[in-house]
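Morning, everyone. Please have the sequence and the model open while I talk.

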Amino acid sequence: MSEALLEVRNLSVGYRIGAGTVHAIDDVSFTVHEGETLGLVGESGCGKTTAGRAVIKVMPANASITGGEVRYRGRDLVPLSNEEMRAIRWNEIAVIPQSAMNALNPVYRVGRQIEEVIVQQDGASPAEARARAEELFRLVKIDPGRLAHYPHQFSGGMRQRALVAMALALNPALLIADEPTTALDVVSQDRVFTRVRALQKRLGASMLLITHDMGLVAENCDRVAVMYAGRIVEQADTRTLFGAPVHPYTLGLKNAFPSTTRPKDEALISIAGAPPVLLEAPRGCRFAPRCPFATPRCRDEDPALRPVGPGHHAACHHTALAGEMRARAVLSETWTAGAP
Amino acid sequence: MDGGGPVSAAPLVTARNVRKSFAARGELAGLFARGEGAMVHAVDDVSFEIREGEILGLIGESGSGKTTLGRLLVRLERHDSGSLHFQDGRDLAALGGRALREYYRDVQMIFQDPYGSINPRFTVHDTVVEPLATQRLGDASGRRDRVARALERAGLRPPRAFADKYPHELSGGERQRLSIARALVLEPKLLIADEPVSMLDVSIRAGILNLLKQQSREFGLTILYVSHDLSTTRYLCDRIAIMYRGRFVELGEAERVIDDAHHPYAQALKAAIPIPDPEFDRPRSEAGEDPDEAPQESAGCRYAGTCPKAMEVCHRRAPELRPVDAGHSVACFLHHPADAEARTD
Ligand SMILES: Nc1ncnc2c1ncn2[C@@H]1O[C@H](COP(=O)(O)OP(=O)(O)OP(=O)(O)O)[C@@H](O)[C@H]1O
Ligand SMILES: Nc1ncnc2c1ncn2[C@@H]1O[C@H](COP(=O)(O)OP(=O)(O)OP(=O)(O)O)[C@@H](O)[C@H]1O
Ligand code: SF4
Ligand code: SF4
Ligand SMILES: [Mg+2]
Ligand SMILES: [Mg+2]
């Protein structure tokens, strides 16, 4: 296997709020190798954005890294100063933020904002920066003439593509893409991904792709990490994760994949209940209150992420019963009967 | 013009030949590629009806005018020409002052951008209570109950865990649900939902879709559902319209439009859906240099520059949206060969 570019080890991040601290991610570890794309998936609010932002330490004021390491090319980024981080952002690690639609400054032309990054980080001349910005706009399929427009003159999907262009401006070695195409139709999404992947391949760059779209994961990721309630619960290469998942949460997720061929009157199967509020560390397995396969042991004992196969890890006490759980998980009554 | 279906259902909204353009003004015009006076025809001669109680899906290319059309319906923009009428004959062009405020009791919009459309200094409770206050509905405790109910319905459970949070303390999906709660708190007749579930994972998405479906079936809520996700749109909607560069190119009963897509752009959309199966090798769209934004001034079909089936006539004339079947209309010469011939030369 190629070398690790990014190694996140035992990372924990908390948000201070009036009622205490939300432990949004807790003891999270994952690795992104050179040239690979790692998918990060999981329910809304499970901590994906928090994990992505902690890597480059662009976090809200009430957030703090409470433990762990973020090793980039072997160097831990956690203790670095803002100044030191600035040298890494854009040219080493670039981010397409989830709030892409709102991330542009409304009072400046879109082109100026992209060119500024290129001039400041790369020392390019204004003319070089303009030429590069035009090239990037063509890459994401926006008329370069649109560089002269203000963000409000762009549609939602155009703003998102502008942010994709900006993140690619300095050929980063690692791209953290947080829901990069949520505002795009599938044809545009397909084109943008085809082009970004071609560029990635040419540069040997890596990507951390945060998404809810399991189709995008299947088509673009080499490996996948599944998060639940601030933890990674399963991690495997993409084929294994889709073909032979073992964690009940992954089984539930897989169930809810939409399909254009499903009968229209069939209600979508969803996992009943809500994830825990992470103000205090939950006892036992975090998924137990919603897990159709939970046993008394699950409610007492926190399952650790353990190897279950080559490159395949899962945090569940009952992975030995995975075959049986997979068979039951496709039945809607398994999820509607309510947790025992 | 319209895509068939039960004739009995009365229209809640009637749009006839609606147009809306934006200009690239001032010093901008010189910089803009197409030069002085360049216009973006965001909505270009669109006619349709939204029937009372139906869920109409709107799918289309990024930048094709979906949000603009929604903004016209909630009167955040005014149409340049054509007509837009609401149920009881209210002309959207004529609404102002009190009439406009009353209109907002009936019509609400969930905005595409859950970050930009919410006041960052308002808590979750403040955000959802605001429309009730603006409409002077209920007393303090009545409002609190309605807010809690709306949060609960939008899946922000339990409501008290969210009521005092600020938007920056919410995840992307939680913010999207806040927008949904805000739009539903007035119990409007028409909801314009602009990509309301794009940031939600499948399991929460299913909950919201089921919620919208239930609001429609039980309370007769009429919905214009803007989305780029074909499978959820097919699941949720009664009819679907497909938009391309300002125009409707296909309109009809939901399953028909998706399962039996006629327009080449609609077929391209279907072919571009990522398949959640790593063993399946879907042919990827070639990253060819097709025109990013074809000049809209061209007299021909807007899709002619990209369309693999384009014929000579397509570059000269624009096809009209006309029925191919009961309840299914398409704007393409392939399906209306007589139109192409009758109009040639
Ligand atoms: N600034 C903040 N203050 C307090 N809580 C926060 C803050 N930002 C996020 N949270 C909480 O932390 C948890 C994780 O949020 P995060 O944004 O990482 O989720 P996510 O997995 O990216 O979700 P989504 O898919 O909806 O974007 C959520 O419960 C969220 O409410
Ligand atoms: N205020 C404005 N000024 C100038 N151009 C505008 C304005 N609003 C929209 N446009 C342009 O109108 C066209 C249609 O935009 P609209 O936002 O309606 O597209 P959309 O179909 O919602 O796209 P998306 O799926 O990307 O959100 C785009 O080319 C956009 O740039
Ligand atoms: S440990 Fe128990 S509760 Fe947790 S996922 Fe496994 S079976 Fe379910
Ligand atoms: S009218 Fe012509 S160019 Fe337009 S979609 Fe049909 S075949 Fe293609
Ligand atoms: Mg997020
Ligand atoms: Mg839009």
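Start in chain A. Leu6(A) has Val32(A) as its bridge partner in β2(A). This is a predicted model: local features need pLDDT of at least 70, side-chain atom pairs count only at pLDDT 80 or more, and totals for chains, interfaces and linings use all residues. Residues are numbered from 1 along each chain as its sequence is written, chains are lettered from A and ligands numbered from 1 in the order in which they are written, and side-chain values use heavy atoms, with hydrogens and water left out.

Back to that strand pair. Strand β1 of chain A, residues 4–17, runs antiparallel to β2(A), and 10 bridges join them. Strands here are DSSP runs of E with at least two residues; helices are runs of H or I with at least four; both are numbered from the N terminus. Two strands pair if DSSP finds at least two bridges between them.

Now the whole sheet. It is open, has four strands in the order β2-β1-β4-β5 (chain A), and pairs antiparallel. Its edge strands are β2 (20–33) and β5 (75–76) of chain A, each pairing on one side only. Helix α1(A) lies across β1, β2 and β4 (63–72) of chain A, at about 110° to β1(A). Contact means heavy atoms within 4.5 Å. Axes are lines fitted to C-alpha atoms, for helices over the stretch in contact, with angles from 0 to 180 degrees between N-to-C directions.

Next, the metal. Which residues coordinate the magnesium ion, ligand 5? Thr49(A), through OG1, and Gln98(A), through OE1, at 1.9 to 2.2 Å. Thr49(A) lies in helix α1 (residues 48–56) of chain A and Gln98(A) in the loop between β6 (93–96) and α3 (110–122) of chain A, so the pair ties together parts 49 residues apart in sequence. Donors are N, O and S atoms within 2.8 Å of the metal (3.2 Å for Na, K and Ca); water is not among the atoms, so sites may look incomplete. Gln98(A) is buried, at 10% relative accessibility. Thr49(A) is partly exposed, at 22%. Buried means under 20% relative accessible area, exposed over 50%, partly exposed in between (1.4 Å probe, protein chains only).

Last, chain B. Six of the six residues of strand β3 (residues 55–60) of chain B are buried, so the strand is largely enclosed by the rest of the structure. β3(B) runs parallel to β8 (residues 222–226) of chain B, with four bridges. Ile55(B) has Ile223(B) as its partner there. Five bridges join β3(B) to β9 (residues 239–244) of chain B, also parallel. In β9(B), Ile242(B) stands opposite Ile59(B).
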